[in-house]
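Hi everyone, thanks for coming. Let me put the structure up on the screen, and then we can walk through it together.

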Amino acid sequence: MSIEQEVELIRRIPIFQRIQPAMQKLLCFGSERLTYDAGQALVRAGEAADAAYVIIEGTVEVTVDSRNGPLVISQSGANEIIGEIGIFGDVARTATVTATTRVEALKISKELVINIIRQNPDAAIAVLRVLATRLANTTKQLTRTVAGTK
């Protein structure tokens, strides 16, 4: 994938849509492109949150441990960002993210993500929207789980 294609991908991510083109290129140059096979973990709950990941291709499943085994919280796919909660919350990973198909992703360091957010208020607002949506979805999932429905 060329740098132009990676920049185009970054432009599709709500958090990075409104940042300046030069910053989008910096984001691409400063990121690492990784490939994961189905079943391989991108991140594990409890690990240090050192980066966020933009899914280029494929799907992942987000799980947390429960007394009945792993509980699926959500699924994510192309053009979505994962791993941002640990970065902005400055906490260890809150969930395990596992590839359910072959996944290509851009790994973006914590420092680079935070730097871009600091310089771009619209990106900060987009982060808040993503986090609020994920919290609402997790609350719904928890409510269903407690009620005994899926």
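So, in this predicted model, look at the open sheet of four antiparallel strands, which come in the order E2-E7-E4-E5. At the edges you have strand E2, residues 41–43, and strand E5, residues 69–76. Each of those has a single partner strand, so one of its sides has no neighbour in the sheet. Going from one strand to the next, the twist averages 35 degrees.

Let's zoom in on one pair. Strand E4, residues 60–66, runs antiparallel to E5, and seven bridges join them. If you want a landmark there, find Thr63, which sits opposite Val72 in E5.

Now, on to the nonpolar cores. Which residues have the most contacts inside the largest one? Those are Ile10, Ile15, Phe16, Leu27, Val54 and Ile108, in a core of 25 residues. Helices H1, H2, H4 and H5 and strands E3 and E8 each supply at least two residues of this core. Take Ile10: leaving aside residues up to four places away in sequence, its contacts include Phe16, Leu27, Val54 and Ile108, as well as Gln17 and Gln24. Another core, of 17 residues, lies apart from that one, and Val43, Val62, Ala95 and Val97 are among its members.

Last stop, the helices. H2 and H4 pack at an angle of about 170 degrees, with 11 Å between their axes. That angle is over 145 degrees, so H2 is roughly antiparallel to H4. From H2, Met23, Leu26 and Leu27 meet Leu112, Ile116 and Gln119 in H4. By class, that contact has five nonpolar residues, one polar and no charged ones.

Technical notes: Residues numbered from 1 in each chain as written. Predicted model: local features only at pLDDT ≥ 70, side-chain atom pairs only at ≥ 80, totals over all residues. Heavy atoms only, no water. Pairing = 2+ DSSP bridges. Axes fitted to C-alpha atoms, helices over the stretch in contact; angles between N-to-C directions. Core = buried A, V, L, I, M, F, W, Y, C linked by side-chain atoms within 4.5 Å. Buried < 20%, exposed > 50% of the residue type's maximum accessible area, 1.4 Å probe, protein only. Contact = heavy atoms within 4.5 Å. Parallel < 35°, antiparallel > 145°, perpendicular 65-115°, else oblique. Nonpolar A, V, L, I, M, F, W, Y, C, P; charged D, E, K, R; others polar.
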